[in-house]
Amino acid sequence: MERQAASRILGVALALALPACATKSKAPAAGPGTDYLRPYVGQQRVLRYQGDDAKVVVKKKDRPQLPGACDAAVQVRSAVLDKGGPRLVLEAIGAAGAEKARPRCRRIPATITLNLTGFGGDSGPVVGRIDQILPTPEGYLRAYGIPFDRPAGSEPKLAAASEHQTDATDQEQRLQGRLTAPPRKLFWVDPIYRDPRGAVQYEGEVEFEGVVGADGRLYRTRVRGSLDKAHVAAIQRALPMWRFEPARTGKDLTPAHVVSRLVFRIQ
């Protein structure tokens, strides 16, 4: 009887201990996760200062303004957490520019790796640093004192005609006549196309047309001239990053057709 009682006591003790052990085994491992990096993947942003370097290392102790003068428009291809900190792989789209910015770039590499080190496990400071060196077009404009806080809207159905538009409807022409200010370019990207054979190098102006919405973004863009489909695709990829001060009719923001130019590079 005493032996049976001891067995029952031991069984109860084990039953109580096992859930505790299971709970401990399911506890999350120490260290930061990667959830804060996932939203960056797929975004189009601007790598400031060192856009012409294939590998950029940013340390926590570095000054806010890194050495260099090249601002490159990029798309984030991947963002992972290495032992030393976040590592982002960026695909170059072109050279970025703004009214008050004067970037100067050497040859922009096709792929750029951005490593951040020394930030430890706290995601707050590292996110702030990423957004500083890799801002959105809106963040890039703010860095130069140009406020742009308009959220993306929907494609406008009606837009004022541009000055030299030949296919404008009567309604578009009437709307154009009421404009008090045309669209004004604030931020732009001069796209780069990489010749797979490396045999062609070219730099020249390309004209395009589109509609600047009340949100300052481009819609219904069309590249003018006879260009190769691959070249047109490279240009079209850059145009969603452009930002404008929208046209106005008095105090009202008004969608308007626009014709503009960009510098297109093949390298």
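Predicted model: local features only at pLDDT ≥ 70, side-chain atom pairs only at ≥ 80, totals over all residues.

Biologist: Which residues are buried in helix α2 (residues 123–133)?

Modeller: In helix α2, which runs over residues 123–133, the buried residues are V126, R129, I130 and I133. An α-helix has 3.6 residues a turn, so residues three or four places apart point the same way. Next, look at what covers the buried residues of α2: the cover includes the strands β1 (44–47), β2 (55–59), β4 (86–98) and β5 (111–117).

Searching the whole structure gives 4 aromatic pairs. Take F208 and W242: their ring centres are 5.1 Å apart and their planes are at 85°, and because planes over 60 degrees apart count as edge-to-face, this pair is edge-to-face. The pair links distant parts of the chain, with F208 in strand β7 (residues 202–212) and W242 in the loop between α5 (229–238) and β9 (243–245), 34 residues apart. W242 also forms a stacked pair with F244, at 6.2 Å centre to centre and with 25° between the planes. F208 and W242 are buried, and F244 is buried too. Elsewhere, ring pairs link Y140, Y144 and F187 into a cluster.

Two rings have a charged neighbour as well. The charged end of R150 sits over the ring of F148, 5.7 Å from its centre, while K185 lies over the face of W188, 4.5 Å from the ring centre.

Note on methods. Residues numbered from 1 in each chain as written. Heavy atoms only, no water. Phe/Tyr/Trp six-rings, centres within 6.5 Å; stacked < 30°, edge-to-face > 60°. Helix = DSSP H or I, 4+ residues; strand = E, 2+ residues; numbered from the N terminus. Buried < 20%, exposed > 50% of the residue type's maximum accessible area, 1.4 Å probe, protein only. Lys NZ or Arg CZ within 6 Å of the ring centre and 35° of its normal. Contact = heavy atoms within 4.5 Å.
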